[in-house]
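Here is a short briefing on a protein structure. Look at the sequence and the model first, then work through the points by topic.

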Amino acid sequence: MVMKVYGAIASTATRRVFATLYEKDLEFEFVPVDLRAGEHKQGHFLARNPFGQVPAFEDGDLNLFESRAITKYVAYAYADKGTPLICEGKPMATVGVWMEVEAHQFDTLASKLQWELVYKPMFGMAKDAAVVEENEPKLAKVLDVYEARLSQSKYLGCDCFTLADLHHLPTLTNLMGTPLKKMFDARPKVSAWVANIMARPAWAKVLAMTNQQ
Amino acid sequence: MVMKVYGSVLSTATMRVFAALYEKDLEFEFVPVDLRAGEHKKEHFLALNPFGQIPAFEDGDLKLFESRAISQYIAHVYADKGTPLVCEGKPMATVGVWLDVEAHQFEPLALKLRRELLYKPRSGMATDAAVVEETEAKLAKVLDVYEARLSQSKYLGCDCFTLADLHHLPAMTTLMGTPVKKLFGARPKVSAWLADISARPAWAKVLAMRNQQ
C-alpha cells in the first residue's frame, strides 16, 4: 500500500513532505485537499489532522500530521533509501539543534514576511508595511548567524545535506521571489547554500508539481 | 565531566531541560545566566548560543542550544537511564507528531497569554484584553483537540509519559497561576493529564530550584 500525502501543492508545509519523499525516491500518492472550499476544516479531514491543517500523511495504518514530524518519520523509517537526511550518532544532536532553529528562529519570521509579500498580493490584499519593517531586520540577524554557521559547516546541521537544510526550502523559495532576496544574496555563505539546496533535483520535482496544475 | 545547563530557573525553556535531566536522574551543573544584566547577549554566551537565548547546554565537547533539541538529545543518548522519554520504533512517529503539536499549536498561544497576563502587569504595562480573549479562544480549540486525544491515549504521544507531555510543563504551570486555568479545569481528560504530569517528582525538583532563588 503506497504512502499518501493529503495537502496542497502551494502549501509550504506540504512541500516540505514532498521534498523529503522525492529525496528518498519513495513512491507516494498525492491527495489534494481543497483549501478554498474549506475541506481542511471538514470532518473527514479533521479525522486525519484534528488541527485542520495540511499536510496529513498515511503510511499503512500509521496516520501522521505536522510536516516536520512526517519528514522525520520518513527520514528514519526509510533511512536506507535515497538521500540520508539524518546522521548517525553524535552529529545528529547538532542536526537536531538546526532543525529547531529552522522551526523557531527562521520560519516564524519567514512565514510572516511570506504572508505579507507573497500571499496577500495573490489574494488582492494590501501589504502591512509595518510588519515587513519589523521583521526584516530580525530575519537579517538570523541570517547573520547562518552566515557564521555556514563559514564553519558545509550545511547547517553538519557537512551533509539534512532535514535541517531541507525544511527551509519551501518558505525560502517563496522569499527568493520577493525583494527580500537581497538579504540572502548579501551574505556569501548563505547565498551559496541557498543556491546549492534550491538546485537539488528533488526540489525541482516539487516545483514541477506546481507547473502541472 | 558533568553536563552543564546555562540558563535561568525562571525560564520556561531552561526548565524544560531541567525536567528532562531530573526525569533521567542525571547529574548536571546549573550555570546561571544573568538576563537582567544582558549576559545572554554577550560574547561568551553567544559562543554557546549565537541566537542569544537561554538555555545552552554542554555535554563534554558537545555544545547544544534550543531546549527541545537538548531534551531530545538527552532522551536518546541516555535512553537507558531513568524515565524512558522516547519510544522504540513506530510509536515514536506519533510521539514526534505531538512534540510538534506542543511547539507549534500550544506554546505560541501559551506564551502570548503569559506575556499579557503576567509579564506586562509586572512591567507596569496594560494587559490587552482583546488579545487575551482572542488567544484564549484559540487555546480552547487546541485543548478540545487534546481532550479528544487524551480520551484515546493515556498520554499525548502514546500510553507512556514522553517528551511530548514533558515539554508542556513549564508554560502550562505558568498558566495555571492565571485565570486561563479554567480552560484546563473545564476539560476532564486534560485536567487529569495535567494533574498527573504536574505531580511527577522530577517536576517538583524543577520547581524547588525556583523556590531556592
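## Briefing

Chain B is divided into domain 1 (3-84) and domain 2 (90-200). Keep in mind that this is a predicted model. The points below cover domains, strands, cores, backbone and cysteines.

**Domains of chain B**

- The C-alpha centres of domain 1 of chain B and domain 2 of chain B lie 22 Å apart.
- The two domains touch: 13 residues of domain 1 of chain B are in contact with 15 residues of domain 2 of chain B.

**A strand pair in chain A**

- Strand β1 (residues 3-7) of chain A runs parallel to strand β2 (residues 28-32) of chain A, and 5 bridges join them.
- Between these strands the chain passes through helix α1 (residues 12-23) of chain A, and this β-α-β crossover is right-handed.
- Within the pair, A:M3 stands opposite A:F28 in β2(A).

**Nonpolar cores**

- In soluble globular proteins, nonpolar side chains tend to be buried together.
- Here the largest nonpolar core has 131 residues.
- The residues with the most contacts inside this core are A:W98, A:Y146, A:F184, B:W98, B:Y146 and B:W193.
- Helix α4 (residues 91-122) of chain A gives the most to this core, with 12 residues.
- This core also draws at least three residues from each of domain 1 (3-84) and domain 2 (90-200) of chain B.
- Apart from this core lies another one, of 6 residues, including B:V33, B:F45, B:L48 and B:I54.
- Which residues does A:Y146 touch, not counting residues up to four places away in sequence? Those in chain A are A:W98, A:V101, A:E102, A:F106, A:L156, A:H168, A:V190 and A:W193, and B:F51 is in chain B.

- Most residues other than glycine have a negative phi, and most peptide bonds are trans. The spots below depart from that pattern.
- In chain A, a cis peptide bond joins A:V54 and A:P55, with omega about 5 degrees. A:P55 lies in the loop between α2 (43-46) and β3 (56-59) of chain A.
- In chain B, a cis peptide bond joins B:I54 and B:P55, again with omega about 5 degrees. B:P55 lies in the loop between α2 (43-46) and β3 (56-59) of chain B.
- A:D25 is not glycine, yet its phi is positive, near 50 degrees. A:D25 sits in the loop between α1 and β2 of chain A.
- Is A:D25 buried or exposed? A:D25 is exposed, because its relative accessible area is 58% and the cut-off for exposed is over 50%.
- A:E66 also has a positive phi, near 70 degrees, and is not glycine. A:E66 is found in the loop between β4 (62-65) and α3 (67-77) of chain A.
- A:E66 counts as buried, because its relative accessibility is 9% and buried means under 20%.

**Cysteines**

- How many disulfides does the structure hold over all chains? The structure holds 0 disulfides.
- B:C158 is in no disulfide, and the nearest cysteine sulfur, that of B:C87, is 3.4 Å away.
- B:C158 is buried, with a relative accessible area of 11%.
- B:C160 is in no disulfide either, and the nearest cysteine sulfur, that of B:C158, is 4.1 Å away.
- B:C160 is partly exposed, with a relative accessible area of 43%.

Technical notes:
Residues numbered from 1 in each chain as written. Chains lettered and ligands numbered in written order. Predicted model: local features only at pLDDT ≥ 70, side-chain atom pairs only at ≥ 80, totals over all residues. Heavy atoms only, no water. Pairing = 2+ DSSP bridges. Helix = DSSP H or I, 4+ residues; strand = E, 2+ residues; numbered from the N terminus. Right-handed = clockwise from strand over helix to strand, strands pointing away. Core = buried A, V, L, I, M, F, W, Y, C linked by side-chain atoms within 4.5 Å. Buried < 20%, exposed > 50% of the residue type's maximum accessible area, 1.4 Å probe, protein only. Domains from an automatic or database assignment. Contact = heavy atoms within 4.5 Å. Disulfide = S-S within 2.5 Å.
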